[in-house]
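The structure under discussion is shown below.

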Amino acid sequence: MKKIFDLKILTMIGWTLTVLLSLFFAAFNQYQQSFETARNVARANFDKDQAFRRWATTHGGVYVPVDMKRTPPSPYLSHMPERDITTPLGRKLTLMNPAYMLRQMMDEYSGLYGVKGHITALEMLNPNSAPDAWERDALEKFRKDSSIKEILELTTIGNKEHMRLIRPMEVTPGCLACHAHQPSYSKYKTVGGVSVTVAMKEIYAISINSFKKTLLIHFIFWSVGMLLFRFVYKKEQKAKDELNYFANHDSLTGLPNRHAYTKKITELVNSEDKESSFALVFMDLDNFKTVNDSLGHTLGDMLLKYVTQRLKDELPEYEEFYRFGGDEFVLLFSVTQGKKVVEDAVLKIHEVLKKPFMLKNYEVYTTASIGISIYPDDAKDAENLLRNADVAMYDAKQSGRSNYSFYSSVMLKVSTNRLVLESELYKALENKELLLLFQPQILLDTEKMLGVEALIRWNHPVNGLISPLEFIPIAEKNGLIIPIGEWIIDQACNQLALWKDTNMRDMSISINISAKQLLHQDLYTYIEAAIDKMNIDGRLLELEVTESVVMENINQTVKILSKLKKLGVSISIDDFGTGYSSLSYLKKLPIDKLKIDREFIKGIPTDKDDVAITNAIISMSKSLSLKIVAEGPETKEHIDFLQNAKCDIAQGFYYSKPITITEVEELVLSMEYK
């Protein structure tokens with residue numbers, strides 16, 4: 001900014017100096033022009049007078065009527081017998097010599113125009129022709145050096161500047177007609193001269209008036225230039241201000257962005273007030289992706305703007321409010337009065353977000369997971385403060401969403417471990433560290449095995465078996481869920497092919513399909529290719545999709561599942577009862593089974609609510625001709641209740657924990673011999 005400001009000042013100074021320099025040259029030229037004008041006037045008058053003198057001397061003078069005021073008989077021509085004559089008509093005339101005539105003409109011209117001419121000589125007949133000091137000096141120069149033909153100088157007369165011109169007057173035969181009696185006219189070639197004096201006052205006045213016009217024109221040009229510079233720099237500054245604004249602000253919400261956050265936190269950290277303490281609140285909207293996927297990005301953007309405006313209107317406690325992109329926001333709070341201030345503000349954020357948002361014709365609810373880090377307790381720079389708040393936010397989201405967590409070092413350790421796991425997970429597939437265990441699914445009326453669910457495990461070379469609850473969310477986040485899902489499909493289809501010619505040829509294998517897999521455009525093609533390659537019956541491959549995944553985008557899910565059904569595969573809804581499914585949606589879905597979530601099974605038969613919900617799900621499924629799978633039965637009481645409720649299938653520890661494929665085959669044999 002300082003550089004731009006300096007450039008602006010330098011440009012304006014440069015323009016001003018350019019105009020002043022031009023004005024100086026104009027003044028100088030005008031001054032020179034004054035001299036040139038004076039010289040031209042002097043020379044023009046001299047040439048005019050000389051022309052008249054030459055004409056007059058070649059004619060020996062001119063007879064004019066005698067006028068005692070203007071043209072009296074010349075006493076200097078009294079020696080000439082024909083000085084005075086009378087015409088036949090009686091009119092009296094007197095001879096006027098060229099010098100006298102020229103002098104008189106110069107006197108009259110001087111009275112009219114201020115230009116004075118003077119005929120002078122070192123030896124004169126008429127005292128009026130006596131030279132002044134300047135003329136005498138010039139005449140002496142002419143007499144000494146005949147090559148000098150003109151002297152032109154700016155002189156001072158009576159404290160006023162005048163331009164003076166003098167040229168030598170050479171003796172001609174005409175001159176001798178009147179001056180033959182003077183010895184100097186015979187002795188010297190140059191005997192006198194004619195001088196012209198031009199007053200500079202009037203010429204200066206004309207030049208000054210002309211310069212005033214030049215000054216006005218230069219001022220106009222300078223003003224126009226300054227206005228133009230101001231316009232250009234104002235426009236440029238506006239563009240730079242806009243660029244700076246967009247570099248530091250989010251274009252959608254108008255909030256300061258991550259770059260502005262870094263600058264602000266750095267300023268606070270480097271401030272002289274070392275006792276100041278502030279909290280960084282990192283907020284992530286919980287169901288924003290669902291809104292984006294189901295309602296479109298336009299309404300998703302609208303939700304972000306509405307959330308921003310509501311928090312700005314109803315949460316005045318914050319000091320700064322930032323958007324980092326997507327659905328991530330950061331609020332800055334002073335905690336000089338303790339963490340309670342921040343905790344109250346966070347609770348207020350949750351309260352503010354409880355009210356629905358109207359996005360055109362849709363009423364949308366949203367919640368937020370919030371992480372908080374405190375300066376200087378948790379970190380002493382912008383980057384680590386943000387990292388720790390993000391870690392705390394992830395902990396809040398893992399705790400069930402619509403929650404908040406203050407950062408602790410334990411969280412960072414968990415986060416670091418998760419990062420290490422993520423890095424090692426990339427190698428797990430390549431190093432064949434992933435494996436499948438299988439949990440039997442038992443028909444409750446015959447207590448025979450119907451099929452198995454394939455459950456993935458990670459046999460870590462150092463940490464041993466790692467639960468999918470730890471690494472599947474990581475795989476979902478970094479995109480590894482796609483290759484991992486394809487590996488599971490291959491393993492399941494390969495096992496079905498191995499069973500094809502055995503007593504387990506009718507045994508099914510169910511596999512879990514994640515949200516990213518379901519929406520992946522190659523899922524149908526991949527499953528189709530796997531079934532064809534292994535030459536298996538597609539009906540024995542069962543795809544399990546969680547209720548929450550189905551409900552994220554019900555219309556798109558219906559299309560995808562309908563297409564997959566064409567392959568002959570079975571489709572079941574996993575964890576049923578934990579989401580928001582309704583009977584109308586179930587009727588649309590091309591599904592074969594519902595799996596009751598284990599949370600409802602573990603409370604039966606003592607928990608009346610669990611009993612009521614389980615009975616309701618079984619009854620509804622029967623009405624829709626769907627098979628029911630109860631997940632998690634562990635006791636004889638659980639099995640007795642499910643059998644009495646007419647549940648179809650059970651999958652839980654009562655019959656078997658997840659086991660290897662060899663153990664599955666052994667279990668089938670043992671059941672056959674019961």
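## Salt bridges within helices

In this predicted model, helix α22 (residues 636-644) contains both D640 and K636, which are 4 residues apart, about one turn of the helix. Their side chains meet in a salt bridge, with an N to O distance of 2.6 Å. D640 is partly exposed at 27% relative accessibility, and K636 is partly exposed at 43%.

A salt bridge also joins K354 to E351, where the closest N and O atoms are 3.5 Å apart. These two residues are separated by about one helical turn, because they lie 3 residues apart in helix α10 (residues 339-354). K354 counts as exposed, with 55% relative accessibility, while E351 is partly exposed at 48%.

## A buried pair and its network

E631 forms a salt bridge with K595, the closest N and O atoms being 3.4 Å apart. This pair links distant parts of the chain: E631 belongs to strand β22 (residues 627-631) and K595 to strand β21 (residues 593-596), 36 residues apart. E631 is buried at 5% relative accessibility, and K595 is buried at 0%.

E631 and K595 also belong to a network of salt bridges that includes E453 and E544. The model has 24 salt bridges in total.

## Surface patch and a buried serine

R230, K234, K235 and K238 form a positive surface patch. Of these, K235 is located in helix α6 (residues 200-248) and is exposed, at 56% relative accessibility.

S621, in helix α21 (residues 608-623), is buried, with a relative accessible area of 0%. Beyond residues up to four places away in sequence, S621 touches L594, L626 and I628.

Key
Residues numbered from 1 in each chain as written. Predicted model: local features only at pLDDT ≥ 70, side-chain atom pairs only at ≥ 80, totals over all residues. Heavy atoms only, no water. Patch = residues over 30% accessible without salt bridge, like charges linked within 9 Å, V, L, I, M, F, W, Y side chains within 5 Å. Areas by Shrake-Rupley, 256 points an atom, 1.4 Å probe, with all protein chains shown as cover. Salt bridge = Lys/Arg side-chain N within 4 Å of Asp/Glu carboxyl O. Lys, Arg positive; Asp, Glu negative; His and termini not counted. Charge placed at Lys NZ, Arg CZ, Asp CG, Glu CD. Buried < 20%, exposed > 50% of the residue type's maximum accessible area, 1.4 Å probe, protein only. Contact = heavy atoms within 4.5 Å.
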